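Visitor: Please show me the model, and then let us go through it together, one question at a time.

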Amino acid sequence: HPLPLWKKKKARDMRLFDRVKFRRNRSEPEPTSPVSPASVVSPRDDPESRARRRVISEYDAILSEEPVDLKKLRQKAWNGIPRSKRKIVWMLLLGHLPPSHRVRADFLRKRREDFEECLRKNYDEVPQEKWSKYLKETHKQIVKDIPRTCPGVPLFTQECIREMMTRVLLAWGVRHPRSGYVQGMNDLLAVIVLIWVADAAGVFTSKSSSYAYAGGRPRTAYSGGSYYYDTNNHIANLMRKTSTAPESADDEEKDPNKDALLLRGDATHLSEETLKDIAAESYHCLEKILEEIQDHYVELQPGLQRASDQVQNLLRRVDLDLGRHLEEQGVLTLQVTFRWINCLLVRELPIPALVRLWDACIAEEKGFLKFFPYICAAFLCHFSDTLRSLGEEKLHLFLQNLPTHDWKIQEVDTLLSEAYILNTLFQDAPSHLGGGEAKAKAAATKQQQQLQDADGDDETAAPTTGSSDDAAEGGNDDRGTTSGSNSPARRPNSLPVTAGSSKTKGASYPRIAALASSTSDD
């Protein structure tokens, strides 16, 4: 006869008791505080995981709106974009993807046709012997620079990627002869290609594409993968022909500081249509970035000169000791910041940190033009103690090889915070960045001339014998003098910077913090 259920349970309990007794007899250490299953926290219940899921759901809500609220999206993206949303958010904020879901497929198809038509007319259907001198020189320089792009990353050693990048950069050179192709543009394109290729390879494969997800319709013009994308994680699955989808959003956002972006990529299995989509979208996103800072690359580079002067003036206001030390050692600010501004810090930061930095710059209105100089100034201030202790030769070597290879997203967040403080203080107060007594005097002279013109005075600059009384009266008027307390050129300079102040241990940017606190007290 079969045993009753209660006897089976009792026998099972006795076997468990015997096992515990046997362990005790072997003098095995017992756990001092046994953990009950209820007290074990699931990875999905972790506070950080819940926060990540909340952020992703907030992005989902914004991206599903019709049309997408770009202002709200910019505010959200400034604090960082989840890896699974980065591609579509960049496309929206750069203006390559329209906010309305209904017109996206047609818009992308026309953009791709426009890109391919440009190459067909100027490159594909033109024999090489009939190329213009400009096209030959541009093509020669691009072919020379492409193998130098991101050395050590296998993705950029693949012929399909090199050919695609060559076509993209050649299209830029053909369409923008004012600046043409300049060394460093290949590094900017590499960042975009990394993101787009990972998306097309389906590192985070979804049942629907980015455009189908946003609009609720199947893919038409876009033949790439989904927009689920991880810049730093799951590197072993990157670009493999078979990859599994993550179980949850937590799998997408795990370990954001893992420095392993596309280091084992393989794009050879991607279809020709997918590569054409990547090329067209990468070109138009690169075009949006470069059009914003095109003056950095034209003849004489006036935009780069202005940005460098702005960094120098910020340094005089924020860290006068460092500014004087660089001048004493013969180090020009333009020498220091040339590569930073020209390549947008691509060669100074690891990819995960760089992508986080670009998130904020893309979220800002004309961020690469207006906000980036403040980033460079805060970047210099971060190494102020070390730079002020080095001589000329070691100073140049240090600036060429900054110790940022181990920077994580936390360091970039701090850098962006300090750059935001500088931007808030000085963006609407250009008189603070006068750059010395000569500029202040020139500004005061111009202000005085404007006041005289408004009062109906004579416009001639040379004094006359009959205007001595007027000149005497003007000397007593303190509206435009450079020495008066109410001088328009000197009045805004109310933020003190102590030349002999030293940095506080443990603080990243104490001078900037002190400057901000003194402003709030005023």
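Visitor: Which residues in α8 meet which residues in α15?

Guide: This is a predicted model, in which local features need pLDDT of at least 70 and side-chain atom pairs count only at pLDDT 80 or more, while totals for chains, interfaces and linings use all residues. Residues are numbered from 1 along each chain as its sequence is written, and side-chain values use heavy atoms, with hydrogens and water left out. Taking contact as heavy atoms within 4.5 Å, L188, V191, I192 and L194 in α8 meet I351, L354, V355 and W358 in α15.

Visitor: How are the axes of α8 and α15 oriented to each other?

Guide: The axes of α8 (residues 185-201) and α15 (residues 351-363) come within 12 Å and cross at roughly 95°, where axes are lines fitted to C-alpha atoms over the stretch in contact and angles run from 0 to 180 degrees between N-to-C directions. Since angles of 65 to 115 degrees count as roughly perpendicular, α8 and α15 are therefore roughly perpendicular to each other.

Visitor: Is helix α4 mostly covered or uncovered?

Guide: Buried means under 20% relative accessible area, with a 1.4 Å probe and protein chains only. By that cut-off R86, K87, I88, V89, W90, M91, L92, L93 and L94 are buried in α4. Nine of the nine residues of helix α4 (residues 86-94) are buried, and the helix is mostly covered.

Visitor: Of the 522 residues of the chain, what percentage count as buried?

Guide: The chain has 22 helices and zero strands, helices being DSSP runs of H or I with at least four residues and strands runs of E with at least two. Of its 522 residues, the share that count as buried is 44%.

Key:
Buried < 20%, exposed > 50% of the residue type's maximum accessible area, 1.4 Å probe, protein only. Parallel < 35°, antiparallel > 145°, perpendicular 65-115°, else oblique.
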